[in-house]
Amino acid sequence: MPRFGDENRARFPYLPFYVDDWLGSDTVDAFTLEQQGGYRPLVRRQWRAKDRLLPQDEAKLARWTKLGKRWPAVGRPVLRQCFNERQDGYVNLKLRRIWERIRERSSKARSAAEARWNGD
């Protein structure tokens, strides 16, 4: 079983939520309440994904957001505005940068702790 911080760890157990970024985003502000509600599970799913990507399977995205048949009208515009399409899936670049920054901080903290425990 992987220890906290192991390199093969798929994700971190928390997702930072920056209230100022959310409230100050013109994109989010232009979303309907239903679109805002569909956006959050997409962000959470990307955060948890081992490859930090959403799949290109729109049926799965519709199910994850609970939008079902409303996905094309409500969810797809959110996906197009907040995620970049890549050959292997969709990615919210800001979210990926946050994840990378947290991973780097965790790695440095782990190295420092190991040095202290090993007497280096």
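**Figure 1. Packing around helix H5 of the predicted model.** The buried residues of H5 pack against H2, H3, helix H4 (58–65), strand E1 (84–86) and strand E2 (89–91), where helices (H or I, at least four residues) and strands (E, at least two) are DSSP runs numbered from the N terminus, and contact means heavy atoms within 4.5 Å. Because this is a predicted model, local features need pLDDT of at least 70 and side-chain atom pairs count only at pLDDT 80 or more, whereas totals for chains, interfaces and linings use all residues. Residues are numbered from 1 along each chain as its sequence is written, and side-chain values use heavy atoms, with hydrogens and water left out. The buried residues of H5 are Trp71, Val74, Gly75, Val78, Leu79 and Cys82; they lie on the same side of H5 because they cover an arc of only 115° around the axis, the arc being that of the directions from the helix axis to the C-beta atoms. Here buried means under 20% relative accessible area, exposed over 50%, and partly exposed in between (1.4 Å probe, protein chains only). Ala73 and Gln81 are exposed residues on the face of H5 turned away from its buried side.

**Figure 2. The largest nonpolar core and the surroundings of Leu54.** A nonpolar core is a set of buried Ala, Val, Leu, Ile, Met, Phe, Trp, Tyr and Cys residues joined through side-chain atoms within 4.5 Å. The largest one has 24 residues, and those with the most contacts inside it are Tyr39, Leu54 and Phe83. At least two residues of this core come from each of H3, H4, H5 and H6, and H5 gives the most, with five residues.

Figure 3. About 490 Å³ of space lies in the largest pocket. On a 1 Å grid over the protein atoms alone, a pocket is an open set of points where a 1.4 Å probe fits, with protein on both sides within 12 Å along at least five of seven lines, and lining residues have an atom within 4 Å of a point; grid points are joined across faces, edges and corners, and the volume is the space filled by probe spheres set on the points. Of the 19 lining residues, Trp22, Tyr39, Val43, Asn92 and Lys94 lie nearest the pocket centre. H3 gives the most to this lining, with four residues.

Figure 4. Arg52, in the loop between H3 and H4, has a positive phi of about 60° although it is not a glycine, and it counts as buried because its relative accessibility is 11%. Lys66, in the loop between H4 and H5, has a positive phi of about 65° and is likewise not a glycine, but it counts as exposed, at 72% relative accessibility.

Figure 5. Arg96 is found in helix H6 and, not counting residues up to four places away in sequence, touches Gln46, Asp51, Arg52, Leu53, Arg86 and Val91. Arg96 and Pro16 are 80 residues apart in sequence and 12 Å apart in space, C-alpha to C-alpha.
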